[in-house]
Amino acid sequence: MRQLGGAEAAEAAVEGRETLLTEGVLPKFLRYVRIDTQSDPGGADVPTTAGQWRLSRLLAAECTALGLADVAVDAHGIVTATLPANLPRGRPLPPVIGLLAHLDTSPAVSGRGVRPIVHRAYRGGPLALPAGPVLDPADHPALAEAVGLDIVTSDGSTLLGADDKAGVAAIMAACARLLQGPAVAHGALRIGFTTDEETGRGIEFLDVEAFGASCAYTVDGGALGDVSWENFEAENVTVAIEGRSSHTGTARGRMCNAVALAAALAAAVPADRRPETADGRSGFIHVDAIDGNVESARVVLLLRDFEQAGLRASRAWLDATCAALRAGHPACRVEVRRTGGYRNMRGPVERRPEVVERALQAMRAAGVTPRPSSVRGGTDGARLSERGLPTPNLFAGGMDFHSRTEWVPVQWMEKAAEVLVALARLWAGPEPADPGGPGRSVPEAGQAGGGALGG
Ligand SMILES: [Zn+2]
């Protein structure tokens, strides 16, 4: 592990073990959100901002103080640690489970100088934040489910950072609970706090092999009960158009205007296949950017669908549209280049049905009704699933991400921690003395699996 130097240790001001074990999820959360970890898409290195290093160091120090093993910070600020198994001798070792959360916050809204406010026993109705924004149930219907709970917001001048420090705090609180004694028998857990999720650049640096888990869960979802094991199939493309310039006074029959072709391409996207007209399980073709001039233009498109076939259809539409542009404008060049993408995690996750089943079962054990949803985007778990580590996403309790009215009920974060404790217990299998124990009630494959996929 990376040793903390004097100055860094002073900066981190690590709580004592007793406090870390017993304080609960809220003090942890409040500590983490006060550190500015906003990531920066323009940053040269990963992590893209120095603030992420501060939280990396603090979390590593807290993991060590708490008594976790193998605490390490890699060259990209990713913190990993092990909660060793505590199973009695003779009991077979269950698979190693990974728990992941990202420690950066969105570049969309400032994360500097976050002043968290705890609104105790929320009574319903609008919450006016000191800096101006109003958290109003008219815009955020989920607030109705949080009446009576303690809601944390920022003061309205910044985001809160529940995305994903609620997940970080829930994982730390679950570790604390599991370390308090032998009450919950569990196998080894691998903990990972990752950087630069919001820029999509951090997760590629997580060494899946060294992480050593057989499956993992990102704790990065929203409302109580939220669970996802499906996300988009994604293909990002750039259409490069080369035109031919000519003096506008004598352009007839000579000029081929790349800007006009770019505009024609954007306008050709069918009205019912755009993100602004799609929801649920329908995919889309999104024109994300256009730039250029007469000689050269570039159109950036995002193709998204939950199904491979749907993505192929979108790509076929794009290829046909570009072919028609070429045919109509032989003097221009139109070239489609794939620039990136990601895969739906559903395939790799459903090949290990027990990964989702245990998550659903852990929620029920914690008194939470699972609410499966499909992520209309990508997740770090999608990238990990593609790399052989099936990684569905569980709720952390935060809502209204990437905004000044981001909020999280304390009790939902506590439930997230409780679900993780239950998950650790369930993966350890039934207690030998208790043949009717939790391990026996795992639902049949498919019962709570693919059929429950919502959207
Ligand atoms: Zn997140």
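Predicted model: local features only at pLDDT ≥ 70, side-chain atom pairs only at ≥ 80, totals over all residues.
Colleague: Which residue in the hairpin of β1 and β2 takes a positive phi?
Modeller: Five residues lie between the strands of this hairpin. The phi in question is near 80°. The residue is G77.

Colleague: Which are the edge strands of the open sheet?
Modeller: The sheet has eight strands with mixed pairing. Its order is β1-β2-β8-β3-β9-β16-β10-β15. An edge strand here pairs on one side only. That picks out β1 and β15 (371–372).

Colleague: What is the bridge partner of L100 in β8?
Modeller: Strand β3 spans residues 97–102, and β8 spans residues 189–194. They pair in the parallel sense over six bridges. In β8, the partner of L100 is G192.

Colleague: At about what angle does α5 run to β3?
Modeller: Helix α5 lies across β2, β3, β8 and β9 (215–221). Its angle to β3 is about 145°.

Colleague: Which helices do the buried residues of α3 pack against?
Modeller: Helix α3 covers residues 25–33. Its buried residues are V25, K28, F29, R31, Y32 and V33. They pack against α4 (50–66), α5 (162–179) and α12 (410–427).

Colleague: How far apart do the C-alpha centres of domain 1 and domain 2 lie?
Modeller: Domain 1 takes in 6–230 + 346–452. Domain 2 is 240–342. Their C-alpha centres lie apart by 39 Å.

Definitions and conventions:
Residues numbered from 1 in each chain as written. Buried ≥ 20, exposed ≤ 12 C-beta atoms within 10 Å, placed from the backbone. Helix = DSSP H or I, 4+ residues; strand = E, 2+ residues; numbered from the N terminus. Contact = placed C-beta atoms within 7 Å. Domains from an automatic or database assignment. Pairing = 2+ DSSP bridges. Axes fitted to C-alpha atoms, helices over the stretch in contact; angles between N-to-C directions.
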